[in-house]
Amino acid sequence: MRDIQKVLAALTSPVRREILGLIWDRELSAGEIAAAFPVTKPTISQHLAVLREAGLAESTAVGTSRRYRARQDALRGLRAALGGSAGRWTNADHDPASPERASADVRTTPVVVASTDVDTGQEVTFAAFTDPAVYSRWLGVPVTLRDGRFACTMEWGTNVRGRYELVCPPELIVMRWDFEDGNVPVPGGEMTGYLRIQPRGAGAHVEVHQLVDTATQARFMEAAWAMVLGRLKAGIASACDPGAVAAPRPRRPKHRKLA
């Protein structure tokens, strides 16, 4: 852990805290970071210099430019250096008697996390979830996607339907979805999933955060997303080739549980 005073001084700036958020789990150039703020690139470069000097960010030379990433271990080290319990990190306005607290409904929801790496770039991979023709080829069944609403019927007869609540190319899709299948006692209502696509080398990293309500849902969603991302990884390259022939998956019966 470097000089703790330098670390604390670096974190006093809200701009520097926002920069750390931007580069927390990805590398960005100074120009890409500056594009997110209403300030000049030299100003952002000064903030980055402060973060590097405090040991909160590191840079990597890529050609003639440099790319920056937060040092997550440094902030974990800061918490250890302060030697406090979790109570030291409670905000001052978290008084249980505060009237604002009674005005909000707050709960913690379990999340299923599924991910895979593919050989296609970020933009091409993103299009695999927004172009119904490409989507249909790698998933193996016809997919409709109109005005943000999507639907398909899996080869064993399950009907999947939903809508894209938020689309932020080429990185994020927030979706609400459900399915109809009398053989599966979940989910009982629309569920929310967050699909994030980030560059990784020459390819892309695809990660899904699926909110669930019960352990039964969690087990089912683990299997479901493993299947979907497995098909994506296996089929996206050929699906993005308009000349490639993608045979639809043959229909097959559902697997039913024995009593």
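Two rings of Phe, Tyr or Trp (its six-membered ring) form an aromatic pair if their centres lie within 6.5 Å; planes under 30 degrees apart count as stacked, over 60 as edge-to-face and the rest as tilted. By this rule the structure has 7 aromatic pairs. The structure is a predicted model, in which local features need pLDDT of at least 70 and side-chain atom pairs count only at pLDDT 80 or more, while totals for chains, interfaces and linings use all residues. Residues are numbered from 1 along each chain as its sequence is written, and side-chain values use heavy atoms, with hydrogens and water left out.

One of the aromatic pairs is Phe 150 with Tyr 164: this pair is tilted, because the ring centres are 5.2 Å apart and the planes stand at 45°. Phe 150 belongs to strand E6 (residues 149-153) and Tyr 164 to strand E7 (residues 159-168), so the pair links distant parts of the chain, 14 residues apart. Helices (H or I, at least four residues) and strands (E, at least two) are DSSP runs, numbered from the N terminus. Phe 150 has a relative accessible area of 8% and is therefore buried; buried means under 20%, exposed over 50%, and partly exposed in between (1.4 Å probe, protein chains only). Tyr 164 is also buried, because its value is 11%.

Trp 177 and Trp 225 form an edge-to-face pair, with 6.3 Å from centre to centre and 80° between the planes. This pair too links distant parts of the chain: Trp 177 is in strand E8 (residues 172-180) and Trp 225 in helix H8, 48 residues apart. Both Trp 177 and Trp 225 are buried. Together with Phe 179 and Phe 220, Trp 177 and Trp 225 make up one aromatic cluster.

Helix H8 spans residues 215-239 and also holds Ala 234. Ala 234 is exposed, because its relative accessible area is 71%. The C-alpha atoms of Ala 234 and Val 118 are 8.5 Å apart, although 116 residues separate the two along the chain.

Next come two other helices. The axes of H2 (residues 14-22) and H4 (residues 41-53) come within 10 Å and cross at roughly 80°. Axes here are lines fitted to C-alpha atoms, for helices over the stretch in contact, and angles run from 0 to 180 degrees between N-to-C directions. H2 is therefore roughly perpendicular to H4, given that angles of 65 to 115 degrees count as roughly perpendicular, under 35 as roughly parallel, over 145 as roughly antiparallel and the rest as oblique. Contact means heavy atoms within 4.5 Å. H2 contributes Val 15, Arg 16, Ile 19 and Leu 20 to the contact, and H4 contributes Ile 44, His 47, Leu 48, Val 50 and Leu 51.

What about the backbone? Most residues other than glycine have a negative phi, and most peptide bonds are trans. Asp 147 is not a glycine, yet has a positive phi of about 50°. Asp 147 lies in the loop between strand E5 (143-146) and E6, and is exposed because its relative accessible area is 83%. Pro 169 and Pro 170 are joined by a cis peptide bond, with omega about -5°. Pro 170 is in the loop between E7 and E8.

Across the protein there are 8 helices and 10 strands, and 36% of the 259 residues are buried.
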